[in-house]
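Colleague: I would like to learn how to read aromatic pairs and a helix in a model. Can you take me through it?

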Amino acid sequence: MKRAKELDVLTTSLEMAVAKRRPLDGDETLVPVTDYTDTERFARERERVFRHGFNVVTLSSRVAGPGDFVTADVVGTPVVIARGDDGRLRSFLNVCRHRGATVELRAEGRCKRFVCPYHAWTYNNDGTLHRARHPEGFPTLKPQEHGLVELACREAAGLVFVCPTPRVTPEPLPQALVDELEVMLGPRPTAYASTTRTWQANWKLIVEGGLESYHFSVAHKDTIAPFFGDTLSLWERIGWHLRSVLPKRSILELQKMAKGQWNIRDHTHVLYTIHPNAMILLQKSHFDLILMTPLTVDTTQIEVVTVGTAPEVGELSGQARAFFTNNHGFSLRTLDEDFRIGEQIQRGIPTSANTHFRFARFEGALSDWRRRIDNLVE
Ligand code: FES
Ligand SMILES: [Fe+2]
């Protein structure tokens with residue numbers, strides 16, 4: 001984040017905290033509860049929002065050197081992400097061009113060539129077909145046209161983005177956001193703890209839980225609420241993405257400090273909502289990456305990854321590892337409070353208690369985000 005923007009955000013946050021003023025920048029919005037249960041709408045969301053978007057899949061640090069690869073399921077599509085010997089990161093459908101077997105079964109590794117486990121066609125780590133075994137049996141095969149099918153893939157701020165639909169290249173992250181994330185996420189972001197779980201809730205309930213601060217002092221009273229004011233937050237749209245900032249109570253201390261010493265990470269909680277599948281929660285010196293996969297209309301897989309800066313040389317100390325493990329546990333406790341409520345909401349929908357849910361005027365980010373998703377799918 002540019003220093004001028006940081007000071008600007010802190011000044012507004014401080015004014016808000018002093019005045020205890022909630023910004024009424026949104027409209028009161030009613031959303032039909034069927035948006036969370038309609039399977040046809042869900043199919044359109046999965047296709048247009050996720051399968052046509054740049055999903056955050058992993059960290060560049062996992063595929064840092066030539067030949068490094070990871071495999072993943074990206075919204076239902078088997079994908080391999082590999083750094084070629086030329087240093088370029090590419091992603092491919094993990095599907096053999098002979099008779100469709102999964103080419104690479106390992107979760108990660110390093111290799112020059114991928115060997116299909118069915119009949120041993122081999123592919124170079126840039127995706128080109130190296131060799132079809134016994135080529136005399138395939139007189140019409142054009143090897144140059146039978147490389148692994150490439151998918152759009154980008155790296156930015158240490159994150160790897162993949163679009164799982166061939167021949168689709170989504171809008172990349174705006175440069176202003178890339179520049180901001182590079183500063184905020186730090187050099188060499190590396191995963192030190194990760195937990196994956198499937199929750200019985202529509203994916204929008206998961207995103208919406210991160211876009212408002214109305215619930216904060218109530219739902220998080222046993223964990224982080226004591227550090228924050230009641231329903232105080234500001235947000236900004238950056239392209240398709242959002243930055244939400246929740247001032248901590250300690251922000252009042254800035255009144256006694258020179259501006260040169262103001263630091264956004266000391267006195268606020270910053271959350272980026274990265275369209276379509278990720279949230280980044282900044283902590284004091286590291287961050288949590290929350291990756292979401294919509295499985296069905298009422299189930300969402302969520303991976304929470306605690307990420308820190310790797311040392312320039314050597315391994316992390318035992319003490320540093322313990323720090324990340326403890327912080328991972330604490331983040332899970334807090335996030336689980338949100339996800340559990342998501343499950344409760346989903347369970348309540350078929351009761352017909354509500355025809356609509358209500359977003360308040362001080363929850364402008366919710367209404368803005370939902371309007372844009374609705375435009376994509378309706
Ligand atoms: S399916 Fe891959 S080599 Fe036959
Ligand atoms: Fe929350």
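Modeller: Start with the definition. Rings of Phe, Tyr and Trp (its six-membered ring) pair if their centres lie within 6.5 Å. This is a predicted model. It holds 10 aromatic pairs.

Colleague: How is a pair of aromatic rings described?

Modeller: The distance of the centres and the angle of the planes describe a pair of aromatic rings. Planes under 30 degrees apart count as stacked, over 60 as edge-to-face. Take Tyr 192 and Phe 324. Their ring centres are 4.9 Å apart and their planes are at 15°, so this pair is stacked.

Colleague: Which parts does the pair of Tyr 192 and Phe 324 tie together?

Modeller: Tyr 192 lies in strand 13 (residues 189-199) and Phe 324 in helix 7 (residues 318-348), so the pair joins parts that are 132 residues apart in sequence.

Colleague: Is Tyr 192 buried or exposed? And what is the relative accessible area of Phe 324?

Modeller: Buried means under 20% relative accessible area. Tyr 192 has 17% relative accessibility, so Tyr 192 counts as buried. Phe 324 is buried, at 7%.

Colleague: How do the rings of Trp 203 and Trp 369 pair? What are the distance and angle?

Modeller: The centres of Trp 203 and Trp 369 are 5.7 Å apart, and the planes are at 80°, so the pair is edge-to-face. Trp 203 is in helix 4 and Trp 369 in helix 8, so parts 166 residues apart in sequence are tied together. Trp 203 and Trp 369 are buried. Ring pairs also link Phe 50 with Trp 203 and Trp 369 into a cluster.

Colleague: How many residues of helix 8 are buried?

Modeller: 11 of its 14, so helix 8 is mostly covered under the cut-off of 20% relative accessible area. Among the buried residues are Trp 369, Arg 370, Arg 372 and Asp 374. The buried residues pack against elements including helix 2 (39-50), helix 4 (203-209) and strand 20 (356-359).

Colleague: Rings can also take a charge over the face. Which ring does the charged end of Arg 197 sit over?

Modeller: That of Trp 199, at 3.7 Å from the ring centre. Lys 204 lies over the face of Tyr 36, 5.0 Å from the centre of that ring.

Note on methods:
Residues are numbered from 1 along each chain as its sequence is written. Chains are lettered from A and ligands numbered from 1 in the order in which they are written. This is a predicted model: local features need pLDDT of at least 70, side-chain atom pairs count only at pLDDT 80 or more; totals for chains, interfaces and linings use all residues. Side-chain values use heavy atoms; hydrogens and water are left out. Buried means under 20% relative accessible area, exposed over 50%, partly exposed in between (1.4 Å probe, protein chains only). Helices (H or I, at least four residues) and strands (E, at least two) are DSSP runs, numbered from the N terminus. Contact means heavy atoms within 4.5 Å. A charge sits over a ring if NZ of Lys or CZ of Arg is within 6 Å of the ring centre and within 35 degrees of the ring normal.
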